[in-house]
Amino acid sequence: MRIILLGAPGSGKGTQAQLLTNTKRVPHISTGDMLRKAVAEGTRFGQKAKRIMDAGNLVSDDIMLGIIAERLSQPDAADGFILDGFPRTRQQAVDLDELLDQLGVPLDAAILMDIDLDILLKRLTGRRTCSKTGKLLNVHFSSQAEIDECLADGGKLLQREDDNEETISNRLRVYRESTEPVVSFYRDRGRLKIVDADGEIEAVQARLLDALA
Ligand code: AMP
């Protein structure tokens, strides 16, 4: 299975991809995670990427194509993949098509995780990770019990550096300007499927599996 998950920041692509990777047994390839790893490693590239990510802007298409070409050539991606966060510009979509052609593998679908702006804002501004367990929580949506469970153990609720309000509004603007054309790219080629991304994680996953069936 070779799919792309498209959707605004906060639409749940990462969460859904992580669940899907267990059922479909293909790797979840998140360019955001790969870039955050480079930032954590403190390489020169990582330092440059950090400045771009902190501002909510996009890393250049050339660099992203290099990263994704390298990743897709690894053995674990030979039988399939779930791409999350790539392609993010029309140029990246064109480049990905060429790359898959060269590799001789077809794309099964591009799936748009569809969600209202109001819900997105709550998801993004409320998003936290428990420092002890790594569990994803949300101060607007998680139960008090879940939040207390993290804090009771001496855990802290960590916020992603690019989840502050200024960066969020820029990321949403970048999404509208740069990534919505990617949605049109796949729609025009008859390869787009739309999944309602509102609701409980399990309900969205069930809709996603239906769309892939
Ligand atoms: P994400 O975790 O997917 O929201 O990505 C976090 C940040 O990483 C984005 O705001 C961009 O700065 C950068 N990024 C991730 N994927 C890409 C991509 N395909 N093209 C350009 N920048 C990206």
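Among contacts in the protein chain between residues at least 6 apart in sequence, 71% link residues at least 24 apart. The model described here is a predicted one. The C-alpha trace spans about 50 × 40 × 35 Å along its principal axes.

From here, attention can turn to one pair of helices. Helix 2 covers residues 31–41 and helix 3 covers residues 44–54. Their axes come within 7 Å and cross at roughly 125°. Angles over 145 degrees would count as roughly antiparallel and those from 65 to 115 as roughly perpendicular, so helix 2 and helix 3 are oblique to each other. The crossing in which helix 2 passes helix 3 is left-handed.

The residues that make this contact can be picked out on both sides. Helix 2 contributes Gly32, Leu35, Arg36, Ala38 and Val39, while helix 3 contributes Phe45, Gly46, Ala49, Lys50 and Met53. Sorted by class, the contact of helix 2 with helix 3 comprises 6 nonpolar, 2 polar and 2 charged residues.

Technical notes:
Residues are numbered from 1 along each chain as its sequence is written. This is a predicted model: local features need pLDDT of at least 70, side-chain atom pairs count only at pLDDT 80 or more; totals for chains, interfaces and linings use all residues. Side-chain values use heavy atoms; hydrogens and water are left out. Axes are lines fitted to C-alpha atoms, for helices over the stretch in contact, and angles run from 0 to 180 degrees between N-to-C directions. Helices (H or I, at least four residues) and strands (E, at least two) are DSSP runs, numbered from the N terminus. Angles under 35 degrees count as roughly parallel, over 145 as roughly antiparallel, 65 to 115 as roughly perpendicular and the rest as oblique. A crossing is left-handed if the near helix is turned anticlockwise from the far one by less than a right angle, and right-handed if clockwise. Contact means heavy atoms within 4.5 Å. Ala, Val, Leu, Ile, Met, Phe, Trp, Tyr, Cys and Pro count as nonpolar, Asp, Glu, Lys and Arg as charged, and the others, Gly among them, as polar.
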